[in-house]
Amino acid sequence: RLQEDVLSAVSQQVQAIQTALKENVKQLGFMGKVVDVNPAAGIFVTLNPAGKGYGGRSKLPDNLKQMFRPIAMPVPDNDLIAEVLLASEGFTNSKVLASKLVSLFNLSKEGLSRQQHYDWGLRALKACLGAAGKLLRQHRKEQKTSTNLDPDTETSIVVRAVCATKLPTLTFEDVGRFKGLLGDVFPGTPLSDSTKPLLEAALHQAAADVGLKLTSQQVERMLQLHLACEQRIGVIIVGPSGSGKSTLWQVLERGLEKLGTKPHVHRMNPKAMPRQQLLGSLNLDTREWTDGVLTAAARKVGAIARLLQRMLVLSIECS
């Protein structure tokens, strides 16, 4: 994600390291310091295509590219990868479910509208499989059983995971099309999102405390947000002004507090301060680092025990 001119400057350091490795020297003068050279060290570069599909990527400059030998990578076998991941999560009907899931993602990529935030690749597929494994373990815990489930139950769990992970990301027009594809790929399986009765009751109570009455769609979105926060380290809530984005996470925060799992929340507006104040700065004379508002909050969040809920909320207007 670095600019091309910055990457071009890096080539000097890379060349010094590669020369030291070729000559089998024990020490190397590197950026004003003498460092030991590990003969087993190597430098490898992985590339994603620099284009519209991968925003923010830069091409390697020619002077850096010529220092490395290119190796072509084969297209990953998504069916096999999905089958192995499902089997490792505990699904016995993994081969059939994997094939259907990959087909669903391929059909969605071709049949739904083109949106910048849509992802139908391997990363999104893996997130869906991880959610399915979590729902499977939760189902076994609720049923108090460790035996294998029948194929219909496993299919319904996978469909619930797909709905929970993909429906929140779709535009209103694409939701109906996606549900139609789900019905075609998984015929006879009811389309249902993940449900959490205790959290739902807490959300209604939290909304009533501030004079709000939630609709079923708002509750569904809050449950989806909660699941997304459990699966990912970063979640973006997108929508026009007045659509209820702030209410969504604030009521969820109050609901979690009523369940005894109040998240540690740090709120900030990145556009209300200069870049250095937000991210921090390095004193060029003393080489001393000073945290910014965002980095200081990130340190506090990182110091909290992993089992506790934590939220770092950035309020940004997107054009």
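Leaving aside its neighbours within four places in sequence, which residues is Ser-11 in contact with? Beyond those neighbours, Ser-11 is in contact with Asn-63, Leu-64 and Met-67, contact meaning heavy atoms within 4.5 Å. The model is predicted, and local features need pLDDT of at least 70, side-chain atom pairs count only at pLDDT 80 or more, and totals for chains, interfaces and linings use all residues. Residues are numbered from 1 along each chain as its sequence is written, and side-chain values use heavy atoms, with hydrogens and water left out.

**View 1. Ser-11 in helix H1.** Ser-11 has its place in helix H1 (residues 4-22), helices being DSSP runs of H or I with at least four residues, numbered from the N terminus. With a relative accessible area of 5%, Ser-11 is buried (buried means under 20% relative accessible area, exposed over 50%, and partly exposed in between, with a 1.4 Å probe and protein chains only).

View 2. Among the buried residues of H10 are Leu-248, Trp-249 and Glu-253. Just after H10, Gly-260 takes a positive phi of about 85°.

**View 3. Packing of H8 with H10.** Helix H8 (residues 197-209) and H10 pack at an angle of about 115°, with their axes 8 Å apart; axes are lines fitted to C-alpha atoms, for helices over the stretch in contact, and angles run from 0 to 180 degrees between N-to-C directions. Residues of H8 including Leu-199, Ala-202 and Asp-209 meet residues of H10 including Val-251, Leu-252 and Lys-258.

**View 4. The salt bridge of Asp-209 with Lys-258.** The closest N and O atoms of the salt bridge between Asp-209 and Lys-258 are 2.8 Å apart, where a salt bridge is a side-chain nitrogen of Lys or Arg within 4 Å of a carboxyl oxygen of Asp or Glu. Asp-209 lies in helix H8 and Lys-258 in helix H10, so the pair ties together parts that are 49 residues apart in sequence. Asp-209 is partly exposed at 44% relative accessible area, and Lys-258 is partly exposed at 43%.

**View 5. The salt bridge of Arg-177 with Asp-174.** The side chains of Arg-177 and Asp-174 meet in a salt bridge of 2.8 Å, N to O, and both residues lie in helix H7 (residues 172-185), 3 residues apart, about one turn of the helix. Arg-177 is partly exposed at 44% relative accessibility, whereas Asp-174 is buried with a relative accessible area of 0%.

How values were computed. Helices (H or I, at least four residues) and strands (E, at least two) are DSSP runs, numbered from the N terminus.
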